[in-house]
Amino acid sequence: MENRFLELIEKSIGQHWDMPVFSDYDGDTFLYRDMAKEIEKLHILFKAAGIDKGDKIALIGRNSARWGISFFAVLSYGAIAVPILHDFTPDSVHNLVRHSESKILFAAQHNLNSLNHAEMPDVQVIVLLEDLSIVEANDVKIRETHSNLDALFLAKYPDFKPENIHYHIEQPDELAIINYTSGTTGFSKGVMLPYRSLWSNTQYAYDRLPFIHDGDNMVSMLPMAHMYGLAFEVLNAVNKGCHIHFLPRVPSPKIVVETFNKIRPTLIIAVPLIIEKIVRSRIFPVLEKPLLKRLYRIPGIRQIIKHKILKQLNAAFGGNFEEIVIGGAAINKDVELFLRSIKFKYTVGYGMTECGPLVAYEQWDSFRQGSVGKIVDRMEVHIDTSENKEVGEIMVRGMNTMLGYYKNHEATAEAFGKDGWMHTGDLGRIDADGFLFICGRCKTMLLSSNGQNIYPEEIESILNTMPYVSESIIVAREEKDTDKQILVALIYPSYDKANKDGLTYIDIQNVMSNNITNLNTKIPYYSKIAEFQLRDNEFEKTPKQSVRRFLYQKEE
């Protein structure tokens, strides 16, 4: 059978047998043959635990080499992987493990400390991710098997070689992963991704990222429990024979710079927040200095300054990358304009968990600013418009799309329209050259009093570039003593910068008032901001660093 994801992995392990595959930050390094050996030992354990093909196995913990090994062990056995984000609450984890009916749980110690086995009755074995030891088992035979794994492995494979590897032979529509979009009971939807989706995303990366070669370094800093990081920092890298280095915690700009300069990765996968923080904290303040600001106005000197900035920014990311792919959320327009002006090697892609995740991409040197690339291989996109409008909901179908939502027929029926087209919930348009542009979310789109569509993200992208604004969201609220709806800007100021500059809280309010006045001169009359509110804390975000908007739609 052609187009098998596990065949790609099986071949790559054999071809790169003596090369490094996984390294924990300042920790252990595993060669491809080490990974293969650990996978086979876990298969012996799965069999002793009575795990059948199609059973679910959950994983929770920060990115690590053993997380990756455990994940590949699950799929190559023929079981279904259930990755759970490490920062979900204990109640959420209990809920997802129960809902997925997982029989084995791989968990990091940090997560285990807050979990209650009694809340997960289907779980027969709990394995500690730090060393793959048994924490709990409902059968003494499982513990005995684990204690004798080395001997059992040696008896089965006296001379372990690539030819000994024979992984599960999957079918294209066979379920491989259940990926939950949220941990909250009532909101969580288990996205069922088949093997065809994993193969199609991985094969696309193999075909369209020719600059990646075996032995190249990669940094995994996005959570592997989310499909964006898993697909392109891990699945793609293993298929290419790369060496993946795992960051153990959420990367700050300082950690990112230190890590990239040490590892010097070939490809960097990032969310906008990481790029924007580095540009806005390290580059923009320098350009605002009076002398440099004056020199920047002189064309010849401007080019020299841009070249120097490009060199410094490249160095901040290790100086060896062929491309930075930004996805997961919209990038700030001013930041993107600046990156484009200095010819920084970045591109913006578009995807969603339900597509495992890729929908659109284009390499940096042919990428069109403001877009999210062109539709990827084996996928189709249709813009669902009415009244001959250019903007409409983005509908997708093809090999990357999910099977549906686990045990949620109603949500699955809502997601899919006629002829297999799937609703993305995103609004967009496609230009004459096939580039896709995102205009906002269907659910966040606001309707003005005269029927005009308002896309909050477009307003926020302007407001977020103004003085002392760290982040913002635009919401519709009812005006006091009237039935009229007005637009309100919720703003989290950059308090650190304001304090450093000696601003009081009243000063910050005055600056924000001026910002709103300035903002209203830059946007259509029907989307003007009537009020603003300052927030003491950052907005709560999803794993992709998008604001959880539904939490702020109503008055607090």
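Helices (H or I, at least four residues) and strands (E, at least two) are DSSP runs, numbered from the N terminus. In helix α2 (residues 32-48), E38 and K41 lie three residues apart, about one turn of the helix, and their side chains meet in a salt bridge with an N to O distance of 3.6 Å; a salt bridge here is a side-chain nitrogen of Lys or Arg within 4 Å of a carboxyl oxygen of Asp or Glu. K41 is buried, with a relative accessible area of 11%, where buried means under 20% relative accessible area, exposed over 50%, and partly exposed in between (1.4 Å probe, protein chains only).

The model is predicted, so that local features need pLDDT of at least 70 and side-chain atom pairs count only at pLDDT 80 or more, while totals for chains, interfaces and linings use all residues. Residues are numbered from 1 along each chain as its sequence is written, and side-chain values use heavy atoms, with hydrogens and water left out.

Side chains of opposite charge can pair when their charged atoms come close. The structure holds 21 salt bridges, and among them is the pair formed by E170 and R4, whose closest N and O atoms are 3.1 Å apart. Because E170 lies in the loop between α7 (149-156) and β8 (175-180) and R4 in the segment before α1, this pair ties together parts that are 166 residues apart in sequence. E170 is buried at a relative accessible area of 2%, and R4, at 9% relative accessibility, counts as buried.

Another of the salt bridges joins R549 to E460, with the closest N and O atoms 2.5 Å apart. This pair links distant parts of the chain, since R549 is in the segment after β27 (531-534) and E460 is in helix α16 (residues 456-463), 89 residues apart. R549 is buried, with a relative accessible area of 14%, and E460 is buried, with a relative accessible area of 5%.

Two packed helices are described by the angle between their axes and the distance between the axes. Helix α1 (residues 5-15) packs with helix α9 (residues 227-240) at an angle of about 55°, the axes being 7 Å apart; axes are lines fitted to C-alpha atoms, for helices over the stretch in contact, and angles run from 0 to 180 degrees between N-to-C directions. The two helices α1 and α9 are therefore oblique to each other, given that angles under 35 degrees count as roughly parallel, over 145 as roughly antiparallel, 65 to 115 as roughly perpendicular and the rest as oblique. On the α1 side F5, L8, I9 and S12 meet L235, V238 and N239 of α9, contact meaning heavy atoms within 4.5 Å.

In helix α14 (residues 333-341), the residues V335, E336, F338 and L339 are buried. These four cover an arc of only 160° around the axis, which puts them on the same side of α14, the arc being that of the directions from the helix axis to the C-beta atoms. The elements that cover the buried residues of α14 include α11 (272-287), α13 (299-316) and β14 (346-348).

Two loop residues show how other parts of the chain meet. V372, in the loop between β16 (358-361) and β17 (374-375), is buried at a relative accessible area of 8%. Not counting residues up to four places away in sequence, V372 touches V348, G349, Y350, A360, Y361, F367, L436 and I438. K189 lies in the loop between β8 and β9 (190-194) and counts as partly exposed at 27% relative accessibility. Although K189 and Y406 are 217 residues apart along the chain, their C-alpha atoms are separated by 7.0 Å. Leaving aside neighbours within four places in sequence, K189 is in contact with N179, Y180, T181, Y405, N408 and A411.

Most residues other than glycine have a negative phi, and most peptide bonds are trans. Just after α14, K343 takes a positive phi of about 65°. R378, in the loop between β17 and β18 (379-384), has a positive phi near 70° and is partly exposed, with a relative accessible area of 29%. Y468, in the loop between α16 and β25 (469-478), has a positive phi near 65° and counts as buried at 19% relative accessibility. A cis peptide bond, with omega about 0°, joins G356 and P357, and P357 is placed in the loop between β15 (350-351) and β16.
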